[in-house]
Amino acid sequence: MNAHVYPPALDVEDDSRAWLKTLAKYRQPRIRRSAFELLVTLVPFALFWAIACYSLLSEFWPGLIAILPASAFLLRLFMIQHDCGHGSFFARRKLDDWTGRLLGVLTLTPYDYWKRAHAAHHASAGNLDERGVGDITTLTVAEYRALSQWGRLGYRLYRHPLVMFGIGPAYLFLLKQRLPFGMMRSGAAPWISAMGTNAAILALAVAIIGTVGVAPFLLIHLPIVLLAGAAGIWLFYVQHQFEETHWSPGEDWEFPRAALHGASHYDLPPVLQWLTGYIGIHHVHHLASRIPFYRLPEVLRDHPELAGIGRITILDSLRCVKLVLWDEEREKLVSFRAAAQ
């Protein structure tokens, strides 16, 4: 765990708008740095993937441990794809979009489809009247109590850790993102994105299978994707599902306050910060999503008062799993047990 001592969280209700102007100077990416970050992520991913595959073919079972770092670097590739979606990685639309599309073949994430859903998430995070797109479904206590017994059971199953972080990644990356039925009203773009990505995934899979065989491909790549997916969903979960997060009805919702207080600062050890693309500095990211991920630490260095806002440690994050309902009276997330009381 980190031993950093940060200033206490500030009452920045009146300052959240001012931060938008303050953070604007960090938005410009450094093109060489962006290219370097892509290179030092893509090459190790390919290397660890090859080591794991060679170990399997050679029956050198200890070498399969390479699946773990390969998963970590695939997660980091997704974070780069994420920055491309915000137009912050190279700050050149075509270059960002095509980098994101190509990375989507590796992450099994159709870039344009995901980009649209994620933009909706950023535009409505913390708005109780705009839930449902790009979010983890979260009910209020009153909504949960109004459900039938079957409805409550379904919600409890959905929020169970085994479903959320086990079945969830497999469903999302292997099924849901292959056929984006939830975007039927968004025109043809999500389907073109998904079908194009599916075709590219198939072509790459056929090429790899032709080289190493079906079994090695499935036994190596599926665990890597599922481990990276589970880690990604965990990060997304704790970045918004923490006790003192911020939600408000639509008429009271304000973007700056919801961004700064509705996302956490997941204070990870330095190695994990780097591997996760500093996405744990999520409150700053939500407030200024055009900041390249590698410049987020600069923000906390120059403005340490931001570090204490929404800060959670690894131990704190483990306790977040039980927080499943928004209590509108107490204005915080609570457990099923607390809601029953």
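Here are some numbered notes on this structure, which is a predicted model.

1. Let's start with what the record says. UniProt, in an unreviewed entry, puts the feature "transmembrane region" at residues 35–54, 60–78, 187–212 and 218–238. Two of those spans are worth a look in the model. Residues 218–238 are 100% helix and 0% strand, with the end C-alpha atoms 30 Å apart. For residues 60–78 the figures are 63% helix and 0% strand, and here the end C-alpha atoms are 29 Å apart.

2. Next, have a look at helix α9 (residues 189–212) and helix α10 (residues 214–238). Their axes come within 7 Å and cross at roughly 120°. On the α9 side the contact is made by Ala205, Ile208, Ile209 and Val212, and on the α10 side by Val214, Pro216 and Phe217. What classes of residue make up this contact of α9 with α10? It has seven nonpolar residues, no polar ones and no charged ones.

3. Helix α9 also packs against helix α5 (residues 111–124), at an angle of about 140° and with the axes 6 Å apart. That makes α5 oblique to α9. From α5 come Tyr111, Asp112, Tyr113 and Arg116, and they meet Ala189, Pro190, Ser193 and Thr197 in α9.

4. Asp96, Asp97, Gly100 and Arg101 from α4 meet Tyr111, Asp112 and Lys115 from α5. By class, that gives one nonpolar, one polar and five charged residues. Tyr111 and Asp112 turn up here, and they also take part in the contact with α9.

5. Helix α5 has another residue to check, Ser124. Is Ser124 buried or exposed? Its relative accessibility is 9%, so Ser124 counts as buried. Setting aside neighbours within four places in sequence, Ser124 is in contact with Glu130 and Trp253.

6. Two loop residues have backbone angles to look at. Most residues other than glycine have a negative phi. Ala91, in the loop between α3 (67–85) and α4, has a positive phi near 60°. Leu108 is not a glycine either, and has a positive phi of about 60°; its place is in the loop between α4 and α5.

7. Three strands form an open sheet in the order β1-β4-β5, with mixed pairing. The edge strands are β1 (139–140) and β5 (332–334), each of which pairs on one side only. Strand β4 (residues 325–327) and β5 run antiparallel and are joined by three bridges. Across that pair, Asp327 stands opposite Lys332 in β5.

8. Now for Val284, in helix α13 (residues 282–287). At 0% relative accessibility, Val284 counts as buried. Which residues does Val284 contact, leaving aside its neighbours within four places in sequence? They are Leu23, Ile291, Leu296, Val299, Leu300 and Leu306. As for distances, Val284 and His265 are 19 residues apart in sequence and 8.2 Å apart in space, C-alpha to C-alpha.

9. Last stop: Leu260, found in helix α11 (residues 255–262). Leu260 has a relative accessibility of 0% and so counts as buried. From Leu260 to Leu179 there are 81 residues in sequence and 33 Å in space, C-alpha to C-alpha.

Key:
Residues are numbered from 1 along each chain as its sequence is written. This is a predicted model: local features need pLDDT of at least 70, side-chain atom pairs count only at pLDDT 80 or more; totals for chains, interfaces and linings use all residues. Side-chain values use heavy atoms; hydrogens and water are left out. Axes are lines fitted to C-alpha atoms, for helices over the stretch in contact, and angles run from 0 to 180 degrees between N-to-C directions. Helices (H or I, at least four residues) and strands (E, at least two) are DSSP runs, numbered from the N terminus. Angles under 35 degrees count as roughly parallel, over 145 as roughly antiparallel, 65 to 115 as roughly perpendicular and the rest as oblique. Contact means heavy atoms within 4.5 Å. UniProt positions are given in the numbering used here, feature names are shortened, and annotations may be inferred rather than shown by experiment. Buried means under 20% relative accessible area, exposed over 50%, partly exposed in between (1.4 Å probe, protein chains only). Two strands pair if DSSP finds at least two bridges between them. Ala, Val, Leu, Ile, Met, Phe, Trp, Tyr, Cys and Pro count as nonpolar, Asp, Glu, Lys and Arg as charged, and the others, Gly among them, as polar.
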